[in-house]
Amino acid sequence: MVGLNTQMVVDTEFLEKFKHLPDELNKAVRRAIRSVNNWFKAVTMAELGFELNIEAKSFRTRFRVYQSGRTSKLWVGVRKIGVHRLGKPVQTKSGVQVGEHFFDGAFINPMDSDQLLVFRRTMKGRKSIQLVTMDISDQAEEIIDSYLPELNRKFEEHFHREFRYVLSGAQ
């Protein structure tokens, strides 16, 4: 029986760039989490603005991203929003018209602000004036819940992109 005695030499130098793979993997995960959270923030802000017919910039202070290692949190402020954010308030005889909404018995006053704010008296007296607000918590919760099933798919998509990017730059 005749055998073949051949020595094969495989170039393994390319494997050197994968020696820091756990570090690169963590970097890709952190970047993917950050980008998915920023995507989630942008899409929910835009959708909520469209749903309520409010400019998305009104929500900038209501959406915050906090990141620590592999944990990333998106905080969404869903407290009531001043109706002056719905559009330009217009005073009428019986109240204030803001966009599509009408607020009976309300009035416009800047009250130490550069914006025209909408107020309503609750009782007679000087200190019985309240800012007219609108509850957005239900709409925000619906919009956020509608995007939750898509988060895992988006994370996987962003992770693959970031992992390819990190590996291409690994030295």
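A cavity is a set of points, on a 1 Å grid over the protein atoms alone, where a 1.4 Å probe fits but cannot get out; lining residues have an atom within 4 Å of a point. The largest cavity here is lined by Leu52, Asn53, Leu86, Val98, Gly99, Glu100 and His101. This is a predicted model: local features need pLDDT of at least 70, side-chain atom pairs count only at pLDDT 80 or more, and totals for chains, interfaces and linings use all residues. Residues are numbered from 1 along each chain as its sequence is written, and side-chain values use heavy atoms, with hydrogens and water left out.

**Cavities**

- The count comes to two cavities of 30 Å³ or more.
- A volume is the space filled by probe spheres set on the grid points, which are joined across faces, edges and corners.
- The largest cavity holds about 40 Å³ of space.
- Its lining has three nonpolar, three polar and one charged residues.
- For these classes, Ala, Val, Leu, Ile, Met, Phe, Trp, Tyr, Cys and Pro count as nonpolar, Asp, Glu, Lys and Arg as charged, and the others, Gly among them, as polar.
- The second largest cavity holds about 30 Å³.
- Thr44, Leu48, Phe63, Val76, Ala140, Ile143 and Ile144 line this second cavity.
- Six of those lining residues are nonpolar, one is polar and none is charged.
- Helices α1 and α2 each supply at least two residues of that lining, and α2 gives the largest share, three residues.
- Helices (H or I, at least four residues) and strands (E, at least two) are DSSP runs, numbered from the N terminus.

**Pockets**

- A pocket is an open set of points with protein on both sides within 12 Å along at least five of seven lines.
- The largest pocket has about 230 Å³ of space.
- Its lining has 13 residues, and Glu55, Ser58, His84, Arg85 and Gly87 lie nearest the centre.
- That lining divides into four nonpolar, five polar and four charged residues.
- The second largest pocket has a volume of about 170 Å³.
- Eleven residues line this second pocket, with Ile33, Val36, Asn37, Ser72 and Leu151 nearest its centre.
- α1 (21–52), β2 (71–76) and α2 (137–169) each supply at least two residues of the second pocket's lining.
- By class, the second pocket's lining has six nonpolar, three polar and two charged residues.

**Nonpolar core**

- A nonpolar core is a set of buried Ala, Val, Leu, Ile, Met, Phe, Trp, Tyr and Cys residues joined through side-chain atoms within 4.5 Å.
- Buried means under 20% relative accessible area, exposed means over 50%, and partly exposed lies in between (1.4 Å probe, protein chains only).
- The largest nonpolar core has 26 residues, and Leu48 and Phe59 have the most contacts inside it.
- α1, β2, β5 (95–98) and α2 each give two or more residues to this core.
- The largest share, six residues, comes from α1.

**A three-stranded sheet**

- An open sheet of three strands has the order β7-β8-β9, with antiparallel pairing.
- β7 (106–109) and β9 (129–131) are the edge strands, and each pairs on one side only.
- The twist averages 40° from one strand to the next; axes are lines fitted to C-alpha atoms, for helices over the stretch in contact, and angles run from 0 to 180 degrees between N-to-C directions.
- Two strands pair if DSSP finds at least two bridges between them.
- β7 and β8 (residues 117–121) pair over four bridges.
- Phe107 has Phe119 in β8 as its bridge partner, and Ala106 stands opposite Arg120 in β8.
- β8 and β9 pair over three bridges.
- Phe119 stands opposite Leu131 in β9.
- In a regular strand, side chains alternate between the two faces of the sheet.

**Two residues with positive phi**

- Asn53 has a positive phi of about 60° although it is not a glycine.
- Asn53 lies in the loop between α1 and β1 (63–68), and it is partly exposed, with a relative accessible area of 48%.
- Asn53 also lines the largest cavity.
- Met111 is not a glycine either, yet has a positive phi of about 40°.
- Met111 sits in the loop between β7 and β8 and is partly exposed, with a relative accessible area of 36%.
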